[in-house]
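Here is a walk through one chain, written for someone who would rather look at the model than at a table. Have the viewer open as you read.

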Amino acid sequence: MEQLKFIGKRLVYLVVMLFGVATLVFILTKMIPGDPTVANLSQRALNDPEIVAAYRAKYGLDQPLPVQYILYMKNLLQFDLGTSMRTNKPVLSELARCYPATIELALFAIVIAAILGVSFGIISAIRRNSILDQTVRAISVTGVSIPSFWFALLVLYFFYYKLKLLPGPGRLSNAFTAPATVTGMYVIDSLLEGNIPKALDAVSHLILPGTVLAAFTMGLITRTARSNLLDVMSTDYIRTAKAKGLSRPGLIIRHALGNALIPVLTVIGLGLGNLLGGMVLVETIFNWPGVGQFAYESVLSVDFPSIIGVALLIALNYMVINTVVDILYGIIDPRVRCS
């Protein structure tokens, strides 16, 4: 019962935050400099007042801001994000088209980041102040510091152009056609088709962009896991377990690691939210048709409905992930539920 109340409170907070974020996104979008009419109509069309008036009326740009806001909130409650000014397609369908590509890449990257980050953190904490520890810390600092666009160009140059070990930009090689859309994620859809070579090719295309995106989050996870594990290892109950003769691997895995990884959940959640928002430069360099590339094209064309849709999607990602992390906190540590 207590757990259900805890989850219920978090879901209520989620709804309230969604309303606040939707209002803030609307206000900020209207503050963007530039006129979507000028950005999307040709010069010849702009010289015709009737065409300009019809365009503004079609997208509600001729209405006062309060009226636009009421219509915007009304449409949101009906899950209607409007029509893209750039493609003339519903924004929801455009996001549904590009979001699976971002999800696939983000999940691949966060799995790499979590596995390597936690492993490096444990190694670094166990071998504190050793050469191995210094090496791992140097790798984590490099991962956090290195610009993603430069790292992307670097790995493309060496592993694709020079060594030809891994495929380059895109989601599939030219030898394969896109699988029938079920989830929108090529690896899963290829497996559902029963086409193993196509699935493996899709996985190979994930390696370079996934590694680039994982580098930053991996560095944060490594540092967080190391510092928290060192803190836990200095507590009284760990010293007591040591005095009882418990082996070092058993001490870390059975007693220290569980408590040390609780803060790491937050880092993983924030990293996943960041990745699901679409990484514009990396997606552009690797020609990845995800949310980041869609957002970039929408901003260039001052496509208000699409910009609002992307902003709401990114905000929803963070809020849902943070809610899930809060619930996991409550499951792992009952003290969180009590507070």
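## A buried arginine

Buried here means under 20% relative accessible area. Keep in mind that this is a predicted model. With that cut-off, Arg 226 counts as buried, because its relative accessible area is 14%. Arg 226 sits in helix 10.

So what does Arg 226 touch, once its neighbours within four places in sequence are set aside? The list runs to Gly 121, Ser 124, Ala 125, Arg 128, Asn 129, Asp 133 and Arg 137.

One of those partners, Asn 129, is worth a click of its own. You'll find Asn 129 in the loop between helix 6 and helix 7 (131–145). Asn 129 is exposed, with a relative accessible area of 54%, and its phi is near 65°, a positive value in a residue other than glycine.

## The chain as a whole

Zooming out, the chain has 17 helices and 0 strands. Its C-alpha atoms fill a box of roughly 85 × 55 × 40 Å along the principal axes. Of the 339 residues, 42% are buried. Take the contacts between residues at least 6 apart in sequence: 71% of them join residues at least 24 apart.

The UniProt record, an unreviewed entry, lists residues 12–32, 105–126, 138–160, 202–221, 260–286 and 306–332 under "transmembrane region". Two of these stretches can be checked against the model. Residues 12–32 are 90% helix and 0% strand, with the end C-alpha atoms 31 Å apart. Residues 138–160 come out at 91% helix and 0% strand, and there the end C-alpha atoms are 26 Å apart.

## Helix 6 against helix 13

Next, a helix pair. Helix 6 spans residues 91–126 and helix 13 spans residues 262–276; their axes come within 9 Å and cross at roughly 150°. Angles over 145 degrees count as roughly antiparallel, so helix 6 and helix 13 are roughly antiparallel to each other. Their crossing is right-handed.

Which residues make this contact? From helix 6 come Tyr 99, Thr 102, Ile 103, Ala 106, Leu 107, Ala 109, Ile 110, Ala 114 and Val 118. Helix 13 brings Val 264, Ile 268, Gly 271, Leu 272, Leu 275 and Leu 276. Sorted by class, the contact has 13 nonpolar residues, 2 polar ones and no charged ones.

## Helix 10 and its neighbours

On the helix 8 side the contact uses Ser 148, Phe 151, Ala 152, Val 155, Leu 156, Phe 159 and Tyr 160, while helix 10 supplies Leu 208, Thr 211, Val 212 and Ala 215. By class that gives 9 nonpolar, 2 polar and no charged residues.

Thr 224 is also in helix 10, which covers residues 196–233. Is Thr 224 buried or exposed? It is buried, because its relative accessible area of 18% is under the 20% cut-off. Beyond its neighbours within four places in sequence, Thr 224 is in contact with Pro 263, Val 264 and Val 267. Val 264 was also named in the contact between helix 6 and helix 13.

## Around helix 15

Asn 287 is in the loop between helix 14 (280–285) and helix 15 (291–300). Its phi is near 50°, a positive value in a residue other than glycine. At 47% relative accessibility, Asn 287 counts as partly exposed.

Within helix 15, the buried residues include Val 291, Gly 292, Gln 293, Phe 294, Ala 295 and Ser 298. Just after helix 15, Val 302 takes a positive phi of about 50°.

Leu 46 belongs to helix 3, which runs over residues 43–46. Leu 46 is partly exposed, with a relative accessible area of 24%. Not counting residues up to four places away in sequence, Leu 46 touches Thr 37, Val 38, Leu 41 and Val 52.

Terms used. Residues are numbered from 1 along each chain as its sequence is written. This is a predicted model: local features need pLDDT of at least 70, side-chain atom pairs count only at pLDDT 80 or more; totals for chains, interfaces and linings use all residues. Side-chain values use heavy atoms; hydrogens and water are left out. UniProt positions are given in the numbering used here, feature names are shortened, and annotations may be inferred rather than shown by experiment. Helices (H or I, at least four residues) and strands (E, at least two) are DSSP runs, numbered from the N terminus. Axes are lines fitted to C-alpha atoms, for helices over the stretch in contact, and angles run from 0 to 180 degrees between N-to-C directions. Angles under 35 degrees count as roughly parallel, over 145 as roughly antiparallel, 65 to 115 as roughly perpendicular and the rest as oblique. A crossing is left-handed if the near helix is turned anticlockwise from the far one by less than a right angle, and right-handed if clockwise. Contact means heavy atoms within 4.5 Å. Ala, Val, Leu, Ile, Met, Phe, Trp, Tyr, Cys and Pro count as nonpolar, Asp, Glu, Lys and Arg as charged, and the others, Gly among them, as polar. Buried means under 20% relative accessible area, exposed over 50%, partly exposed in between (1.4 Å probe, protein chains only).
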